[in-house]
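Hi,

Here is the structure I promised to pass on.

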Amino acid sequence: MDVVSRAFIGFKLPASVNAALGEIQMTLKRKAIADMRWNDPGQFVLTLVSLGEVMVDRLAMVPQYAEIATRSFGPMNLSLSGLAGLPNLVQPRYACMNFAGDVDKLKALQGALTRSLLPIIGPPADSRPFE
């Protein structure tokens, strides 16, 4: 059976946010943080659920389940409030965005998506709490 690796559900970010993050990325690159992985500017996303490896036939069902889970959620106001490093700031491999605004609503959306996908995907690949 065909498997898609590294599947996730997320939002593309507005061009203005991508531009600001691209500038921050250039600053971090100049500091030459070893082992840090970099996305191409314009490819930043707000990941809500990491699905991991998923069978193609199951992946095809994700949009339908996600649409049902998100029906009751309206627009959200979010703004960048900082950056964090994973696994930590001392030796980061990934940079993560921190948000301010409707964060509780965003967490509720993430929880609804995760719960809705359990029957077809199972538990999420990343079991860390959504922050």
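**What I found**

Arg 71 and Glu 67 join their side chains in a salt bridge, 3.1 Å from N to O. The term covers a side-chain nitrogen of Lys or Arg within 4 Å of a carboxyl oxygen of Asp or Glu. The structure holds one salt bridge. Arg 71 is exposed, with a relative accessible area of 59%, while Glu 67 counts as partly exposed at 40%. For those labels, buried is under 20% relative accessible area, exposed is over 50% and partly exposed is in between, with a 1.4 Å probe and protein chains only.

Before you go further: this is a predicted model, in which local features need pLDDT of at least 70 and side-chain atom pairs count only at pLDDT 80 or more, whereas totals for chains, interfaces and linings use all residues. Residues are numbered from 1 along each chain as its sequence is written, and side-chain values use heavy atoms, with hydrogens and water left out.

**Pockets**

The largest pocket holds about 1700 Å³ of space. A pocket here is an open set of points on a 1 Å grid over the protein atoms alone, where a 1.4 Å probe fits, with protein on both sides within 12 Å along at least five of seven lines; lining residues have an atom within 4 Å of a point. Points are joined across faces, edges and corners, and the volume is the space filled by probe spheres set on them.

Its lining has 41 residues, and Thr 47, Ser 50, Leu 86, Ala 95 and Cys 96 lie nearest the centre. Two or more lining residues come from each of β1 (3-12), α1 (15-30), β2 (45-55), β3 (78-86), β4 (94-101) and α4 (103-121). These elements are DSSP runs numbered from the N terminus: helices are H or I with at least four residues, strands are E with at least two. β2 gives the most to this lining, seven residues. By class, the lining has 26 nonpolar, nine polar and six charged residues. Nonpolar means Ala, Val, Leu, Ile, Met, Phe, Trp, Tyr, Cys and Pro, charged means Asp, Glu, Lys and Arg, and the others, Gly among them, are polar.

The second largest pocket holds about 290 Å³. It is lined by 17 residues, with Phe 11, Leu 13, Leu 46, Met 76 and Leu 78 closest to its centre. At least two lining residues each come from β1, β3 and α4, and β3 gives the most, with three.

**Helix α4**

The end C-alpha atoms of α4 are 25 Å apart, which agrees with the 27 Å that its 19 residues should span at 1.5 Å a residue; the expected span is 1.5 Å times one less than the number of residues. Buried residues of α4 include Leu 106, Leu 109, Leu 113 and Leu 117. After the helix comes Gly 122, with a positive phi near 90°.

Leaving out residues up to four places away in sequence, Gln 110 touches Leu 48, Val 49 and Phe 130, where contact means heavy atoms within 4.5 Å. Ile 120, also in α4, is buried at 8%. With the sequence neighbours up to four places away left out again, Ile 120 touches Arg 58, Met 61, Val 62 and Tyr 65.

Cheers
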